[in-house]
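Morning, everyone. Let me put the structure up, and then we'll walk through a few parts of it.

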Amino acid sequence: MRTHTGENPHICSECEYSCKTLGYLKIHMLTHTGENPYTCSDCLYTCKTLGNLKVHMRTHTGEKPYSCNECAFSCKTSSHLKIHLRSHSGEEPYICSVCGYRCKSSSRLKIHHRKHSGEKPYKCSECYYSCQTAEHLKVHMRTHTGEKPYICGVCEYSCKKSADLKRHVRTHSGEKPYKCEVCQYSCTQSGSLKRHMRTHSAENSYRCRVCKYCCKTSGRLKSHLRT
């Protein structure tokens with residue numbers, strides 16, 4: 001009945017947390033003690049609840065019991081499926097209070113907030129680099145290890161980021177997804193299209209600090225500076 005009444009009779013002695021059952025309170029108390037009583041038999045992972053351990057074990061078994069009824073997507077947790085379903089519904093319930101940015105998950109909103117706060121909690125152990133996401137740090141670490149896990153299936157090219165491989169593959173396929181709205185020009189990279197668009201405008205973004213020369217590309221400015 002407490003689910004209907006909203007009653008939370010079990011209160012934490014360390015903070016203001018309260019809950020409906022003694023079991024929930026016991027789990028909560030582990031956040032204060034730091035205890036992780038559940039241990040993975042395959043790796044060093046430990047956690048506070050049996051439920052979390054069951055979810056973790058799927059990283060070893062590859063099990064993905066939650067399936068989308070709209071596409072072939074499947075995942076390890078119901079929460080991940082819930083987020084995925086928003087890609088079909090278009091729902092973006094999380095809104096930034098600073099700029100109005102909307103997204104599908106609280107974790108994405110948390111990362112977005114770092115753009116406003118400037119927070120970079122992920123720090124490289126080898127140099128002074130820091131960044132806003134664990135994924136960016138993972139990619140950065142490859143500059144130290146030399147790892148290039150993304151490999152072209154046509155030639156011997158390999159790289160550190162999936163985006164770089166995607167761009168490279170276009171050199172084989174001939175795909176040019178970036179198209180000019182003014183003329184028939186098309187290209188493989190968004191940066192190339194941006195540079196091309198300056199040929200249609202009067203914009204000269206690159207300026208010489210020595211004289212009044214200005215131009216549309218960094219390459220032209222470099223050539224000018226050599227003179």
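In helix H4, Leu81, His84 and Arg86 are buried, where buried means under 20% relative accessible area with a 1.4 Å probe, protein chains only. Keep in mind that this is a predicted model, where local features need pLDDT of at least 70, side-chain atom pairs count only at pLDDT 80 or more, and totals for chains, interfaces and linings use all residues. Residues are numbered from 1 along each chain as its sequence is written, and side-chain values use heavy atoms, without hydrogens and water.

H4 covers residues 78-89, 12 residues in all. Helices are DSSP runs of H or I with at least four residues, strands are E runs of at least two, and both are numbered from the N terminus. From first C-alpha to last, H4 reaches 17 Å, close to the 16 Å expected at 1.5 Å a residue. That expected span is 1.5 Å times one less than the number of residues.

What do the buried residues of H4 pack against? Strands E5 (66-67), E6 (74-75) and E7 (94-95). Just after H4, Gly90 takes a positive phi of about 80°.

Now to helix H7, residues 162-173, where we find His168. Is His168 buried or exposed? Buried, because its relative accessible area is 13%. Setting aside neighbours within four places in sequence, His168 contacts Cys152, Cys155 and Tyr157. Contact here means heavy atoms within 4.5 Å.

Last, the stretch around His168. Residues 150-177 are 43% helix and 14% strand. The end C-alpha atoms of that stretch are 21 Å apart.

Technical notes. Buried means under 20% relative accessible area, exposed over 50%, partly exposed in between (1.4 Å probe, protein chains only).
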